Amino acid sequence: MIKIQEFAHPFKLYAMSKTATTLFDKVWDRHVIRHIEDGPDVLFIDRHFIHEVTSPVAFLGLETRGLKVMFPEKTFATADHNTPTINQHLPVQDPLSANQLKALETNSAKYGISHWGLGNPKNGIVHVVGPENGITLPGMTIVCGDSHTSTHGAFGAIAFGIGTSEVEMVLSSQCIMQQKPKKMRISVNGKLGKGIVPKDVVLYIISRLTAAGATGYFVEYAGDVFENMSMEGRMTVCNMSIEMGARGGMVAPDETTFAYIKGREKAPKGADWDKALAYWKTLKTDEGASFDVEYTYDAAEIEPMITYGTNPGMGIGITKKIPQAQEAGSGKASYEKSLAYMGFHEKEAMLGKKVDYVFIGSCTNGRIEDFRAFASIIKGKKKADHVTAWIVPGSHIVEQQIREEGILDILMEAGFQLRQPGCSACLAMNDDKIPAGKYAVSTSNRNFEGRQGPGARTMLASPLVAAAAAITGVVTDPRELF
Amino acid sequence: MAYDKFTVLKSTAVPMPIENVDTDQIIPARFLKATERKGFGDNLFRDWRYNADESPKRDFVLNNPIYSGKILVGGRNFGSGSSREHAAWAIYDYGFRCVVSSFFADIFKNNSLNIGILPVQVSPEFLDKLFKAIEADPKTEIEVSLPDQTITLVATGESESFFINGYKKNNMMNGYDDIDYLQSLKNDIKSYASSSVY
């Protein structure tokens, strides 16, 4: 028999606490409906995003059990994972993808869930459209059947990816059962050099901590670099928290956060805004609150980053040479397997390596600032002839901004074409697949074997590094092109 | 979805001494297009198991007939990356009921427990011992006891205990899942929701 220990009302519990508390604890504890002794917490979920790939089996589960969606207004559906990025006005060619997209539409309609399907002006990648429409707010718990849900932590929310069984739990009860993770704080202080962008910061952190270094932890990012970072940059960083194994990552909300949210469609308005703002201002880690582990880095140490292997922890400064197995801190056999897949060798330079494909987009780097950065490098130059470039906005709203700001003209003059929004080559579920053996510089989040297509070889990097590679056709330090 | 109860499992094992086996390897994204949970085992480790022309890769362990069993023994940081539960479904559908490693990615571990696969985390030394024992004799039997929370090399009796929280242990031994439990909390959930700021 399991003993259930019932908490007092979570609001009161928190109000009584006088000890210094972390942002993470403040948000988590407020959402605990029950704590099971020698078991997980029952956590209430404020926002639930769903997409076409990980939700159909959850809806099927509801039907088998005869359950309803408990709070349909707290779930938001968007189609993104297997949507085509050209000719979206035509019927989807792949029957399996079309079937999943239809299932999302049908299930959303059946249960009264908001659905931004293909062709809807609000459609786009789930982790782009949530924030840009004001659905993502500070202090929330947010989940989605997608590991990059950690993106929403940029707003001071606890946001993380879940499996399909858990999607079914949230649909049917608005709760999931989770063991509370341990807490890690990562501070980066000082000033970033010219040409160093948020993607470099997070690739640097992951390269230091390894692809498993934060497993079991929830991360708070702190220090000058994150305080001075835009919301889009914070989203890029929080997005990749999962790539070092963390459940999620968050940044305390501040004036930058509030300015970003204010006026967005689903953000609170009028008196509700004032009330929300007063609460959001309390969402920060108290002085003296303790973390299970802390890491501190110096911004001046960070240079443009690029990965050379088959997990995101295998990254180095772009001017460095590929490390030897023992320096990289992994088992020799696995390390050699990884380099063999990439066709690379220990001690080789990354600069000058041939690039066949360039992909800019994804929930990591598919926002307007990313396209501005890309355009800043390619303006007045020409795409290398042998490079195939896929330029994929994260949403229709981003696509619209690209047109309005004149970035589309810059792209076209340099020989690039703009595609339509979706996850695209980040996971290559649609037709945007890198061919076997080819090299891609990609602004996405994973360089796993076959991630961008069977046999594809991925080098993860920032939009600036991607732009430099698209122009020169080889791995290039973008600082040389300013 | 209901799953078989898990108590004591005695089986030979399939060794996969590779670190950072991510869920894209366990099941590549292009096989996630089903709207029902069936047939995923056919595509388990698809790109490690088959060539582009669909012929089996001879050097991959699942294609080696000397290895079989209901236990998969993997290298450190098993199941990293994508949250796709399809990875756990593929492992279950193929016939594994237990995955052993020195370290699991969080989401994969949760997904496994939710569908009836037992993730057993052992020390790096014990993992090494398992790999060596299986290498020396592919018919080596391993016994995983959930009630005792132990994993044992049957031939030598070498054993190690593993952690699982009491709630999940009870679920797995009885074939329960979280959805049933959460349904019993509906009044508490409604009351919380009515006072929520969002």
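Which domains does the domain assignment of chain A give? It gives domain 1 (47-297) and domain 2 (305-480). Keep in mind that you are looking at a predicted model.

**Stop 1: the two domains of chain A**

Colour residues 47-297 and 305-480 of chain A separately to see domain 1 and domain 2. Their centres, taken over C-alpha atoms, are separated by 23 Å. Now look at where they meet. On the domain 1 side, 39 residues are in contact with 39 residues of domain 2. Select helix H5 (126-132), helix H7 (198-209) and helix H9 (231-239) of chain A: each supplies at least two residues of the domain 1 side. H7(A) gives the most, with six residues.

**Stop 2**

Select A:Arg47, which is found in strand E4 (residues 47-50) of chain A. Is A:Arg47 buried or exposed? A:Arg47 is buried, because 22 other C-beta atoms lie within 10 Å, and 20 or more is the cut-off for that label. Next, show its contacts beyond four places in sequence: A:Lys74, A:Ile135, A:Thr136, A:Met140 and A:Ile142. A:Arg47 and A:Gly130 are 83 residues apart in sequence, but 9.6 Å apart in space, C-alpha to C-alpha.

**Stop 3: a pair of helices**

Move to helix H15 (residues 368-378) and helix H18 (residues 463-472), both of chain A. They pack at an angle of about 35 degrees, with their axes 8 Å apart. H15(A) passes H18(A) in a right-handed crossing. To see the contact, show A:Asp370, A:Ala373, A:Phe374, A:Ile377 and A:Ile378 on H15(A). They meet residues of H18(A), including A:Pro463, A:Leu464, A:Ala466 and A:Ile471. The residues of this contact divide into 11 nonpolar, no polar and one charged.

**Stop 4: the nonpolar core**

How many residues are in the largest nonpolar core? There are 198. A:Cys175, A:Ile306, A:Val358, A:Val441, A:Ala466 and B:Ile91 touch the most other members. The largest share, eight residues, comes from H18(A). Domain 1 and domain 2 of chain A each give this core at least three residues.

Now jump to B:Ile91 in chain B. Leave aside its neighbours within four places in sequence. B:Ile91 is then in contact with B:Ile26, B:Leu44, B:Leu72, B:Phe96, B:Val99 and B:Ile117.

**Stop 5: where the chains meet**

Show both chains. Their contact takes 51 residues from chain B and 63 residues from chain A. On chain B, select helix H1 (23-26), helix H4 (106-115), helix H6 (166-174), helix H7 (178-183) and helix H8 (186-194). Each supplies at least two residues of the side that touches chain A. Which helix gives the largest share of that side? H4(B) does, with six residues. By class, the chain B side has 19 nonpolar, 17 polar and 15 charged residues.

**Stop 6: two loop residues**

Select A:Asn87, in the loop between strand E5 (75-78) and helix H4 (95-111) of chain A. A:Asn87 has a positive phi of about 50 degrees, although it is not a glycine. A:Asn87 counts as exposed because it has 10 C-beta neighbours inside 10 Å, and the limit is 12 or fewer.

Finish at B:Gln149, in the loop between strand E6 (142-145) and strand E7 (150-153) of chain B. B:Gln149 is not a glycine, and its phi is positive, about 55 degrees. With 14 other C-beta atoms within 10 Å, B:Gln149 is partly exposed.

Note on methods:
Residues are numbered from 1 along each chain as its sequence is written. Chains are lettered from A and ligands numbered from 1 in the order in which they are written. This is a predicted model: local features need pLDDT of at least 70, side-chain atom pairs count only at pLDDT 80 or more; totals for chains, interfaces and linings use all residues. Axes are lines fitted to C-alpha atoms, for helices over the stretch in contact, and angles run from 0 to 180 degrees between N-to-C directions. Helices (H or I, at least four residues) and strands (E, at least two) are DSSP runs, numbered from the N terminus. A crossing is left-handed if the near helix is turned anticlockwise from the far one by less than a right angle, and right-handed if clockwise. Two residues are in contact if their C-beta atoms, placed from the backbone, lie within 7 Å. Ala, Val, Leu, Ile, Met, Phe, Trp, Tyr, Cys and Pro count as nonpolar, Asp, Glu, Lys and Arg as charged, and the others, Gly among them, as polar. A nonpolar core is a set of buried Ala, Val, Leu, Ile, Met, Phe, Trp, Tyr and Cys residues joined through C-beta atoms within 7 Å. Domain bounds come from an automatic or database domain assignment.
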